[in-house]
Amino acid sequence: MTPANDVGFVSTGKLNRLQGWTTLLIGLALSAALDPWLLSAVNSDVGGGLAVRHAHGVVIAMAFLQLAMAHLLSTSAFERPARTIAALLTAVGAACYSTGYALALWQPALHGLVLLGSLVNFSGFAFLCWIGPTGTYARQIRMILPVACFGMLLDFMAGLRPILPADWIQEQLGSEDGVRLRMLRLARVAAIALSVLTLLYYGIARRGGTDRGKARLGGISLATGAVGMPLILALACFTTIHAKYLLAIPSTAVVIGVYLGLFFSLKHGDMLERWGWLLIAASTSVGMLIGLYAFEGPFPTPEFMGSYNQLPRRLTRMAHSYSIVLGMMSILLARELANRQDINETAKAGVQLFLAGCVVMLTLLLLATVVEMPPMAFPTGPILTLAGAIICLAGRIRWTRQSVSDE
């Protein structure tokens, strides 16, 4: 590979894509390994389960952030030198951030990597904000980039928690499973997940043809949710908790945008794309119901759910979050396969295996809320999903190499 090709590998987002998919596959493998242990305990705070689950979520979030960056850098929204700088900064930042959270479980001194990674990540997105995008979706991208920057600042602020006095944290923000810190964790996740989801929406909405009004409405709705949800959650965490009642506005906007994404996918998407938007639509709808009691009101928690750390409530949260993860992963896999002229039998088998894994994974979690399940049943879904994704991506890589050799 020549130096020019090296730069092209970075500037076109291929480095971020490789890092994103690798990290996401590692995250699925960790799901297979961790879920039986985490779900075998009555309370998630037993044996440090809450910290492990949080670190696992960080790995998956950073993977999606890298895949979103890869998608952004593959467009002509920025000049090549700017794309190269942003790609390197975000790749290094995501690696430091994820590694810091993982290693700090065993060596707390390494938590400094979390702070470093969040600042480097922030600098990458802030740099693109400063440069400014151009092209068809410049206005929408200009709205999403500050949200990503805000998410990185929240990551940095949350990363300060282990090095601040425990008594001060308890006084200001409450316990680890208290409502304020739960809001902060959700704000960080929402800033990343909704930014990625908005970018994915633009990919399907541009195929809308004459449905420009619907396409614009969906984009505005998702952008409103991407801006409003993390902002309100952070406001409620650090100021008055009553600000949580404003969450109805961005959450409703997100549901509208997601259902319009489902509408366009049913008209213009393939099976994987439709499945992805269907999962996300179902999850965000259920999420609105969960939000009615998740943060101590306005309605009481249903009795059968129990407290925050009890198993039924954790299973419900996991099914909700995994639906979002698997939905976005399905859409991204559909985009990976979209440029292929034909899909061979191996790739088709990979798609079917991935879909089967999604169904098994979510079905087992939902069944476990009413029927006691053996812990070793839970790895089945992640393993099938992981195998299917690997087969799909391996076929994509082989096809890409063949295309390059043909040229």
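# Reading helix packing and burial in a predicted model

Modeller: At 1% relative accessibility, Gln 66 counts as buried, where buried means under 20% relative accessible area, exposed means over 50% and partly exposed lies in between, with a 1.4 Å probe and protein chains only. This is a predicted model, in which local features need pLDDT of at least 70 and side-chain atom pairs count only at pLDDT 80 or more, while totals for chains, interfaces and linings use all residues. Residues are numbered from 1 along each chain as its sequence is written, and side-chain values use heavy atoms, with hydrogens and water left out.

Biologist: Where does Gln 66 sit, and which residues does Gln 66 touch, not counting residues up to four places away in sequence?

Modeller: Gln 66 belongs to helix 3, residues 49–73, helices being DSSP runs of H or I with at least four residues, numbered from the N terminus. Contact means heavy atoms within 4.5 Å, and, with residues up to four places away in sequence set aside, Gln 66 touches Asn 16, Gln 19, Gly 20, Thr 90, Ala 91 and Ala 94. The C-alpha atom of Gln 66 is also 8.7 Å from that of Leu 18, although the two are 48 residues apart along the chain.

Biologist: Is Tyr 245 buried or partly exposed?

Modeller: Tyr 245, in the loop between helix 9 (212–238) and helix 10, counts as partly exposed at 47% relative accessibility. Thr 385 of helix 14 (residues 380–406), by contrast, is buried, with a relative accessible area of 0%.

Biologist: How should I read the packing of two helices, taking helix 8 and helix 12 as the case?

Modeller: Two packed helices are described by the angle between their axes and the distance between the axes. Axes are lines fitted to C-alpha atoms, for helices over the stretch in contact, and angles run from 0 to 180 degrees between N-to-C directions. The axes of helix 8 (residues 179–205) and helix 12 (residues 311–337) come within 11 Å and cross at roughly 30 degrees, and the two helices are therefore roughly parallel, since angles under 35 degrees count as roughly parallel, over 145 as roughly antiparallel, 65 to 115 as roughly perpendicular and the rest as oblique. By class, their contact has eight nonpolar, one polar and three charged residues, with Ala, Val, Leu, Ile, Met, Phe, Trp, Tyr, Cys and Pro counted as nonpolar, Asp, Glu, Lys and Arg as charged, and the others, Gly among them, as polar.

Biologist: At what angle do helix 10 and helix 11 pack?

Modeller: Helix 10 (residues 248–268) and helix 11 (residues 271–290) pack at about 160 degrees, their axes being 9 Å apart, which makes helix 10 roughly antiparallel to helix 11. The residues of this contact divide into eleven nonpolar, six polar and two charged.

Biologist: Which residues have the most contacts inside the largest nonpolar core?

Modeller: In soluble globular proteins, nonpolar side chains tend to be buried together. A nonpolar core is a set of buried Ala, Val, Leu, Ile, Met, Phe, Trp, Tyr and Cys residues joined through side-chain atoms within 4.5 Å. Here the largest has 116 residues, and those with the most contacts inside it are Phe 64, Tyr 201, Trp 277, Met 328 and Met 329; helix 8 supplies the largest share, 18 residues. Leaving aside neighbours within four places in sequence, Phe 64 is in contact with Leu 24, Val 196, Val 325, Met 328, Met 329 and Leu 332.
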